[in-house]
Amino acid sequence: MTLLPLYEVDVPIRNTAGLHGVHVFTGHADSRSAAVRIAHEVYDQAAARQAGLEVPGRRPDGWTARGYRPGWELDWKAATTGRWNNPYSFTRADDGDFEL
C-alpha cells in the first residue's frame with residue numbers, strides 16, 4: 001500500500017473585529033490542488049455545526065476541521081499549501097523516500 005504525501009494547507013482568516021490569523025489543515029492527498037480542495041470540503045462540512053448538526057470526525061485520509069469558528073472568513077484564494085514537515089522529525093518531506 002502506498003501512502004499519499006501529507007500536506008499542510010494554510011488559509012488566511014479574519015473576523016469583523018479586525019483580528020486575523022491562519023487556519024491550518026493537514027492530511028494526505030495526491031497533489032497540492034487536491035489538498036486545498038479536501039481542506040475546503042472538510043471545513044464546509046464542519047460548518048454543519050452552525051446548523052446544530054454534529055461536526056464530522058476525522059476522515060480515513062486524515063483530514064478534519066474541528067476548529068470551526070463562526071464569524072471568521074477564510075480566504076481560500078490566498079491559501080498556500082505544500083508537503084507537511086514535522087518539526088520534530090529527523091527527516092524532511094523534501095528529503096525523498098528512505099528505508100530503515
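This is a predicted model: local features need pLDDT of at least 70, side-chain atom pairs count only at pLDDT 80 or more; totals for chains, interfaces and linings use all residues.
**Exercise 1. Find which residues Asn15 is in contact with, leaving aside its neighbours within four places in sequence, and which backbone nitrogen its side chain reaches.**

Solution. 
- With the neighbours within four places in sequence left aside, Asn15 is in contact with Gly71 and Trp72.
- The backbone nitrogen reached by the side chain of Asn15 is that of Leu19, at 3.0 Å.

**Exercise 2. Describe the largest nonpolar core and state which element supplies the largest share of it.**

Solution. 
- The largest nonpolar core contains 18 residues. Val9, Phe25, Ala29, Trp63, Leu74 and Trp76 have the most contacts inside it.
- At least two residues of this core come from each of strand S1 (6–15), helix H1 (32–46) and strand S3 (72–74).
- H1 supplies the largest share, seven residues.

**Exercise 3. Examine two tryptophans of this core, Trp63 and Trp76.**

Solution. 
- Trp63 sits in the loop between H1 and S3. Its relative accessible area is 0%, so Trp63 is buried.
- Trp63 and Ile38 are 25 residues apart in sequence, and their C-alpha atoms are 7.4 Å apart in space.
- For Trp76, leaving aside neighbours within four places in sequence, the residues in contact are Val11, Phe25, Val36, Ala39, His40 and Tyr43.

Technical notes
Residues are numbered from 1 along each chain as its sequence is written. Side-chain values use heavy atoms; hydrogens and water are left out. A nonpolar core is a set of buried Ala, Val, Leu, Ile, Met, Phe, Trp, Tyr and Cys residues joined through side-chain atoms within 4.5 Å. Buried means under 20% relative accessible area, exposed over 50%, partly exposed in between (1.4 Å probe, protein chains only). Helices (H or I, at least four residues) and strands (E, at least two) are DSSP runs, numbered from the N terminus. Contact means heavy atoms within 4.5 Å. A polar contact is a pair of N or O atoms within 3.5 Å; within protein, one must be able to donate a hydrogen and the other to accept it, and residues adjacent in sequence count only if both atoms are side-chain atoms.
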